[in-house]
Amino acid sequence: MAKSKKETTSETPSKRPKAHPLRKELWMLVWTALTLFLAISLYSYHPTDPSWSVASTGPAQNYAGKIGAFFADLILSIFGLIGFIWPVILGYWVYEGIRHFREPPKHLGFLITLRAVGVLLVFSAGSGFFAAV
């Protein structure tokens with residue numbers, strides 16, 4: 001006996017399918033690499049490196065090369081000294097992603113929103129603090 005339309009639509013809808021674990025691992029590796037690249041480029045920043053705001057023909061002294069010098073100069077030009085906290089925040093997000101690798105926490109949307117607001121407040125307060133110093 002064939003099922004009627006009513007019987008097939010009355011089944012409970014399944015939740016969104018989970019991402020494949022390999023895909024999640026690859027994203028964690030990509031974010032970890034980006035965090036390390038940003039940390040290396042910020043901590044080896046040199047003001048005379050060729051970048052957005054400096055016209056230089058010499059080689060980059062930044063350990064991450066010309067691309068690292070460009071990103072370090074861009075972040076420090078926009079955020080100032082508080083830009084050094086970017087690798088720390090990205091590292092924390094990678095840590096949280098690894099910690100909740102198998103099972104995401106409940107109320108994930110609320111946690112992401114709350115953390116984003118916290119990051120914005122840290123950057124606002126830090127920028128004001130370092131501008132006064």
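Biologist: Which helix does G128 lie in?
Modeller: This is a predicted model, where local features need pLDDT of at least 70, side-chain atom pairs count only at pLDDT 80 or more, and totals for chains, interfaces and linings use all residues. Residues are numbered from 1 along each chain as its sequence is written, and side-chain values use heavy atoms, leaving out hydrogens and water. Helices here are DSSP runs of H or I with at least four residues (strands: E, at least two), numbered from the N terminus. Residues 108–132 make up the helix that holds G128, and that is helix α5.

Biologist: Is G128 buried, exposed or partly exposed?
Modeller: Buried means under 20% relative accessible area, exposed means over 50%, and partly exposed is in between (1.4 Å probe, protein chains only). G128 has a relative accessible area of 42%, so the label is partly exposed.

Biologist: How many salt bridges are there?
Modeller: A salt bridge needs a side-chain nitrogen of Lys or Arg within 4 Å of a carboxyl oxygen of Asp or Glu. R99 and E96 pair up at 3.6 Å, N to O, and R115 meets E96 at 3.5 Å between the closest N and O atoms. The count comes to two.

Biologist: Which helices do R115 and E96 sit in?
Modeller: R115 and E96 are 19 residues apart, and the pair links distant parts of the chain. R115 belongs to helix α5, and E96 to helix α4.

Biologist: What does E96 count as, buried or exposed?
Modeller: E96 is part of a salt-bridge network with R99 and R115. Its relative accessibility is 6%, so E96 counts as buried.
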